[in-house]
Amino acid sequence: MNTYFFIALFTVSFGIAQQFEESQALYGTVLNQTTQLPIKNVEVVVKGTDLQTLTDTNGNFLLTFSSQLFGQHILLVKKPGFLTKKYPLVFTNAPIALSQIYLQSDSTLAQNDNGLIILTDDAIENEENDISYFNGGLLQSSQDVFSRAAAYDFSSAFFRPRGLDAGYHTLSFNGVIMTKIYDNRPQWSAWGGINDVLRNQHNQLGLSTAENHPGNLAGITTINLSPSQLREGGRVSYASSNRTYRNRIMGTYVSGLSASGWAYAFTISKRFAEQGFVEGTPYDANAVFASVENQWKNKHSLQLATWYTPNSRGRSSALTKEVFDLKGNTYNPNWGFFNGEIKNSKTRSIEEPSIFLTYNYEAKHKLQLQSTVALRKGIQKDSRIDNTGVNLITTDDQNFVVGGSRSVHTNPVHQANLPSFFGNTSTTLFNDHQVLQALNFFQNNGQVNWDKIIETNQLQAQKNNNAIYVLYNDQKEDLQLDINSNFTYQLKDHIRFLGGLSYGRVKSTNFAKVESLLGGNPYLDLNVFALDDKNTDQENLLSKAQSDLQNQNRVVGEGERFKYHYELHASQYNSFLQTEIRLGKIATFLGANFNQTVYRRNGIFENGYFPGDQSLGESKKVSFFHPSFKAGIAYQINGRHSVQVNAGYLQQKPTAQQTFTNIRKSNHILSEVQPETNLAMEGSYFLQSPLVKLQLTGYHTIIKDATKNNFYFTETLAIKELAETAAFVQESLTKVHKVHSGLELGISYQIVPTLTLKSVAAIGSFTYQNNPDLQVAIDQGNFKVGKVFLKNYKIARGPQEAYQVGFDYRDPKFWWIGMTTNYFRNSFVAPSALKRTTNFNLDPVSNTVFNDYEEATTKSFLQQEKLPDYWTVNMVGGKSWRIKQYYLGFFLTVSNLLNKSYRSGGYEQSRRVSYRTALEEANRKTPLFGNKYFYGYGSTYFANVYVRF
């Protein structure tokens with residue numbers, strides 16, 4: 001089928017091409033008015049015809065026209081980020097030489113150039129699996145008003161364009177896809193702090209065509225690392241903020257292209273804070289980037305780019321309403337004072353040194369070729385406290401395990417630490433006293449007590465016992481190689497081919513590693529929860545509890561690996577071909593993308609619950625073939641009005657986490673896992689007039705056979721084969737069907753040359769369309785729970801509707817100010833899947849339906865919570881000066897100017913999700929395990945001052 005597709009594609013394209021004949025030529029060179037440098041990929045169009053081309057690396061272009069086009073025409077020279085130029089021309093039987101054409105930067109993008117961070121703080125802070133809110137994949141906004149609003153004003157509310165997360169957006173550096181092969185997500189913070197050298201980029205939302213790669217459902221961002229394409233000169237800046245970091249210092253220098261064909265660029269920066277807007281979130285990040293390029297014979301270039309951006313930050317947590325009411329939106333339970341300094345128990349550290357070698361070849365006006373080899377070596381550490389340290393005592397040939405602690409001592413928001421734990425339906429003086437005591441203690445403390453933890457370990461050490469508490473890291477070490485080659489071939493002025501081949505391979509080593517014994521002796525590596533397993537006979541309990549049967553009853557110290565240890569090997573092969581054809585006022589494209597992904601797990605530890613090759617050694621290889629096809633047509637009604645329709649059939653591979661039922665402990669593969677299928681269509685209307693710019697887009701996306709993971713501890717698991725009801729669960733929802741539909745509107749009106757009004761609307765509806773299947777993986781094995789009744793529930797992806805009105809004022813004396821009012825509605829709490837299965841109705845002890853079960857009461861328990869609507873006001877402004885050969889600039893943005901409090905999202909807890917426990921929770925004044933919410937920041941600012949030379 002693939003062969004027939006390509007034959008048909010080429011046959012149609014060549015057939016159309018033969019209908020045209022060449023005659024005279026139109027040529028010229030496009031330069032940046034500020035830097036005097038050539039501009040690559042500028043679109044040169046003869047209005048009302050099918051003649052169009054792009055400038056090459058040197059800014060040159062060539063168009064040929066036949067005698068049929070002799071007469072008067074308008075030439076458009078345009079590129080995002082620059083003002084479009086128009087030239088009236090007369091085509092005759094003679095060549096037309098336009099010499100040098102200078103494009104001026106669009107002043108509406110001035111705030112980007114004056115230091116607004118490209119990678120948003122929200123994208124860095126919220127990149128978790130289930131709760132990672134995606135700002136549309138925009139490292140900076142596109143030129144249109146809707147994309148700018150989505151990237152800046154809406155991102156702080158965790159708005160996702162079209163309800164799609166980061167896994168549906170493609171990001172490429174020099175043609176190399178930057179998402180991890182095994183999880184479909186980019187590692188945003190791996191290139192934080194090098195903003196100045198990432199400015200040469202192009203953003204494309206939705207299903208439209210893109211360079212270097214066919215893109216994805218939500219679009220693509222392509223970044224060119226070439227130093228010759230950056231603005232020549234130096235730049236030094238200082239930024240202050242109260243969001244995630246408090247200070248940022250950055251310096252950048254770009255040499256420009258020398259007469260001998262050499263160019264280089266480097267940047268260095270540091271971002272740091274004792275804590276951000278949320279308490280106890282220390283931030284420390286350094287970054288260095290360097291690149292060098294050589295061009296020769298006007299056809300060839302070779303560039304080398306490398307960067308290293310180590311960073312570490314303390315993380316915060318979602319809060320119940322009870323905790324928020326007591327502590328506010330700056331509260332964070334993950335930290336406490338350690339030796340007089342803030343220490344966060346859940347710290348994420350990332351470093352991923354990268355090196356890219358890229359070769360470019362360009363045959364004038366015909367063929368462009370880019371080939372890149374990239375090597376990335378990354379380490380990610382996520383710290384946490386373990387409180388399950390025990391001692392193994394052998395008496396009369398019998399083994400006893402003693403010790404351990406409870407998470408109440410390491411988790412300040414554990415239910416037993418909150419006032420609600422002591423309040424119930426029967427009010428007594430004793431209860432009231434305990435409530436008051438807990439209230440006072442939590443309000444005055446409520447942080448991790450490091451001193452108490454260390455003191456406990458030291459007392460155990462004096463008794464020659466093992467440590468009860470350790471601080472450890474879930475650690476991931478990746479080595480990834482990518483090889484990519486793309487081409488663009490201009491067959492005729494009206495027809496172009498794009499294609500490419502790529503190969504990626506990663507070895508990911510995953511393990512837990514002791515970071516600190518916290519003043520104690522070494523730690524006994526046992527799964528203490530297995531020792532209480534009612535499904536296992538007493539003789540085998542200790543064997544089941546082993547993390548590694550090859551090293552039983554192992555005692556580990558600082559720097560040693562324990563709990564789990566495995567390697568994940570993943571590889572991906574990709575090929576794509578796309579053709580673009582212009583016929584008069586009509587432009588079409590057709591593209592195909594073929595992908596093959598292979599996973600294989602290699603267990604280093606032999607887990608007690610999964611002995612032998614169930615966990616040790618290599619698993620079976622799992623292979624997924626996931627092709628994609630896109631097509632589109634655009635029609636230019638006249639010089640101001642145009643319409644465009646795109647459609648796509650795109651398959652997306654499951655992640656490694658979705659493929660293996662319990663990837664940390666076993667080689668078992670989820671039986672029903674398969675590629676996700678996406679069917680999408682979008683249609684747009686564009687209006688471009690001197691005063692009004694408008695874009696209206698409607699979209700409809702059907703997602704089928706998706707797989708979703710979740711991880712939690714539950715006390716109410718009703719599995720017939722099990723006597724135990726409490727378990728740590730990896731839940732897998734399979735065959736999930738969803739629909740995302742909506743409208744996007746962006747409109748701006750230039751009242752006078754200095755004042756522009758703008759308005760944006762995103763109206764979406766994102767719902768589950770079926771009742772997917774649920775499987776759970778626990779230590780005792782994998783179990784099918786049954787159907788999850790999710791049909792017609794809303795998908796929790798931030799607000800489904802967002803609106804904006806605002807203005808921009810730009811003074812001729814180089815200062816500007818803008819303000820927007822933003823309104824958000826239809827945000828929902830993510831529903832618990834386990835709560836919406838037959839498990840909810842079953843008594844976990846007898847495994848029969850509760851005798852007091854009532855259908856009407858159940859409906860009220862299962863109703864999805866809709867969060868209150870909210871609105872924010874944002875402001876932006878700046879000023880720039882020219883002092884001889886220096887440029888001095890200042891930029892300030894204030895988000896949530898009126899300090900509004902709002903909940904941007906949340907999720908239901910699955911700890912107690914049976915009918916009877918739901919009754920208990922409903923009868924309490926404050927639920928013990930209520931919904932957890934993500935609260936937005938209050939008023940925050942980002943201020944930047946820079947000097948450019």
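The model is predicted, so local features need pLDDT of at least 70 and side-chain atom pairs count only at pLDDT 80 or more, while totals for chains, interfaces and linings use all residues. Residues are numbered from 1 along each chain as its sequence is written, and side-chain values use heavy atoms, leaving out hydrogens and water.

Strand β15 (residues 283-296) runs antiparallel to strand β16 (residues 300-308) and is joined to it by 9 bridges; strands are DSSP runs of E of at least two residues, helices runs of H or I of at least four, and two strands pair if DSSP finds at least two bridges between them. Trp-296 has His-300 in β16 as its bridge partner, and His-300 also stands opposite Tyr-361 in β22.

The structure holds 37 aromatic pairs, in which ring centres of Phe, Tyr or Trp (its six-membered ring) lie within 6.5 Å, with planes under 30 degrees apart counted as stacked, over 60 as edge-to-face and the rest as tilted. Two of them are tabulated here.

| Pair | Centre to centre | Angle between planes | Class |
|---|---|---|---|
| Phe-850 and Tyr-915 | 6.3 Å | 40 degrees | tilted |
| Tyr-870 and Tyr-902 | 4.3 Å | 5 degrees | stacked |

Tyr-870 lies in strand β46 and Tyr-902 in the loop between β47 and β48, so their pair ties together parts 32 residues apart in sequence.
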